[in-house]
Amino acid sequence: MTLVAQTNIEDHLRPILDKVSDPEIPVLTVLDLGVIREAIEKKGTVYIKLTPTYSGCPAMDVIGDDLKAAFAEAGMNAKVELVLAPAWTTDWISEQGKRKMEAYGIAAPLEETADKEALLGDAKVVKCTNCGSTNTHLVSQFGSTACKALFKCDECLEPFDYFKCLK
Amino acid sequence: MKNETLYQYILCIADNSLILGQRLGELCGHGPSLETDIAITNIALDLIGQTRSYYQYAARLIDEEKTEDDIAFLRLEREYKNVLLVEQPNTHFGYVMARQFLFDVYHLMFLEKLQYSKDDQLVAVAKKGIKEVSYHKRFSSDWVKRLGDGTEESRQKMQEAVDDLWRFTNELFLMTDAEKTMAANGIGVDIAQLKEEYYKEVSDVLKEATLTVPENTYFTKGGKEGIHTEHMGYILSELQYMQRTYPNMTW
């Protein structure tokens with residue numbers, strides 16, 4: 001993981017950032033998701049650079065407001081700037097984030113080749129979050145949010161979301 | 001205005017995404033199945049998201065007081081520079097997919113060139129957009145093939161849709177003065193160069209879908225110069241309704 005190298009987050013701000021989660025996937029904090037690219041404090045004001053997962057992700061406005069609220073509670077003023085480059089990739093989701101996602105019922109993104117085989121071909125590689133079987137099939141490339149695809153398990157018959165690999 | 005030509009150029013790009021996003025948004029809750037309904041609104045969301053990035057940038061070029069919302073909601077019809085293709089109505093699902101496909105092929109080719117622009121902001125939006133539009137194209141191409149190579153009725157409807165929309169495709173490659181200037185100085189894309197590859201790629205998919213590639217050479221144009229089809233007024237009256245009726249209202 002190159003997550004740490006690519007970001008510039010001051011350690012004392014991490015506990016506060018860790019309180020802010022994705023409104024669509026509440027088990028994931030903004031640090032798990034890798035959307036915070038920079039957080040530095042200058043004279044009591046925290047400057048945050050936030051990157052969207054997808055351009056139109058409506059969660060971004062909410063996350064921006066939640067960040068300001070979390071820092072206000074800690075007695076700090078936060079300024080949030082939305083940055084587009086470099087573009088977010090699912091590689092920036094932390095290992096811990098991927099585990100939490102799985103436990104929450106969303107299959108974590110596979111690496112690029114397997115992802116393509118699952119979404120474009122018929123490869124049975126996406127694991128059901130309910131029973132663990134890979135006997136699953138793609139229902140729709142677009143799921144309940146822009147970042148997910150919809151799958152169904154052919155063993156336990158449960159539908160589930162798969163977080164699409166984005167490179 | 002700091003850079004009128006760049007501003008006009010951004011509108012040429014962003015208005016396509018805004019109007020197509022608005023058109024797809026009209027289908028929210030009306031898709032033929034839950035999955036396609038969600039897919040269409042996801043695509044609309046991506047397009048509106050890209051539009052916001054472009055307009056936020058464009059707004060900074062006008063003056064400090066303007067925002068993305070002023071550009072989206074408070075222009076007159078003649079000031080919108082989208083191509084005629086994207087404003088065509090949602091008649092049936094096959095038609096919506098044909099329109100989407102004819103635009104997606106162009107859109108992805110365009111963004112793949114825009115990512116090498118000399119303008120950092122446009123590069124950032126393009127790189128983000130490529131990832132999203134790749135999914136759009138995959139979705140619309142799949143449906144063109146599935147309906148084209150489907151039942152007798154679906155094939156006929158898809159063929160009619162392609163035949164009807166074909167006359168709007170040439171406009172994608174016509175360049176306005178702003179586009180020519182921006183292409184010449186390395187910020188914009190020389191879209192006229194994309195034409196041959198576009199028709200080849202589109203034709204390949206149509207053939208795979210067992211459809212006939214239209215041969216008509218009558219093409220229509222005007223959107224890029226602000227001269228729209230009658231559909232545009234209806235789109236704008238819905239899009240702008242709240243801001244026109246309750247100026248400066250916020251959610």
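Predicted model: local features only at pLDDT ≥ 70, side-chain atom pairs only at ≥ 80, totals over all residues.

**Note on the two chains**

1. Ile9(A) stands opposite Ala39(A), a residue of β2(A). The strands concerned are β1 (residues 8-9) of chain A and β2(A), which run parallel and are joined by two bridges.

2. Two facing pairs may be located by eye. Ile40(A) has Tyr47(A) of β3(A) opposite, and Ile36(A) has Leu50(A) of β3(A) opposite. The two strands form a hairpin in which two residues lie between β2(A) and β3(A). Within that turn, Lys43(A) has a positive phi of about 50 degrees.

3. β3(A) also pairs with strand β4 (residues 77-82) of chain A, here in parallel and through six bridges. Ile48(A) stands opposite Val80(A) of β4(A) in this pairing. Helix α4 (residues 59-73) of chain A lies across β3 and β4 of chain A, and its direction makes an angle of about 160 degrees with β4(A).

4. Taken together, these strands give an open sheet of four, in the order β1-β2-β3-β4 (chain A), with mixed pairing. Which strands stand at the edges? They are β1 and β4 of chain A; each has a single partner strand, so one side of each is left without a neighbour in the sheet. As a general point, the strands of a sheet pair through backbone hydrogen bonds, in either the parallel or the antiparallel sense.

5. Chain A contains another open sheet of four strands, ordered β5-β8-β7-β6 (chain A), and its pairing is likewise described as mixed. The edge positions are held by β5 (106-107) and β6 (136-140) of chain A, each with a single partner strand, so one side of each lacks a neighbour in the sheet. β5(A) pairs in the parallel sense with strand β8 (residues 159-163) of chain A over two bridges. Tyr162(A) in β8(A) is the bridge partner of Ala107(A).

6. The domain assignment divides chain A into domain 1 (3-92) and domain 2 (105-163). The C-alpha centres of these two domains of chain A lie 28 Å apart. Their contact draws seven residues from domain 1 of chain A and six residues from domain 2 of chain A. On the side of domain 1 of chain A that touches domain 2 of chain A, three residues are nonpolar, three are polar and one is charged.

7. Between the chains, 21 residues of chain B are in contact with 15 residues of chain A. On the chain B side, α2 (34-62) and α6 each supply at least two residues. Which helix gives the largest share of the side of chain B that touches chain A? That helix is α6(B), with 11 residues. By class, the side of chain B that touches chain A comprises nine nonpolar, five polar and seven charged residues.

8. Lys127(B) is located in helix α6 of chain B. It touches Ala85(A), Ala87(A) and Gln115(B), when residues up to four places away in sequence are not counted. Is Lys127(B) buried, exposed or partly exposed? It counts as partly exposed because it has 17 C-beta neighbours inside 10 Å, whereas a buried residue would need 20 or more and an exposed one 12 or fewer. The C-alpha atom of Lys127(B) is separated by 7.8 Å from that of Glu112(B), a residue 15 residues apart along the chain.

9. The axes of helix α6 (residues 120-148) and helix α7 (residues 152-165) of chain B come within 7 Å and cross at roughly 130 degrees. That angle makes α6(B) oblique to α7(B), because only angles over 145 degrees count as roughly antiparallel and those from 65 to 115 degrees as roughly perpendicular. From α6(B), the residues Val144(B), Leu147(B) and Gly148(B) meet Ser154(B), Arg155(B), Lys157(B) and Met158(B) of α7(B). The contact of α6(B) with α7(B) has three nonpolar, two polar and two charged residues.

Note on methods:
Residues numbered from 1 in each chain as written. Chains lettered and ligands numbered in written order. Axes fitted to C-alpha atoms, helices over the stretch in contact; angles between N-to-C directions. Parallel < 35°, antiparallel > 145°, perpendicular 65-115°, else oblique. Contact = placed C-beta atoms within 7 Å. Nonpolar A, V, L, I, M, F, W, Y, C, P; charged D, E, K, R; others polar. Pairing = 2+ DSSP bridges. Domains from an automatic or database assignment.
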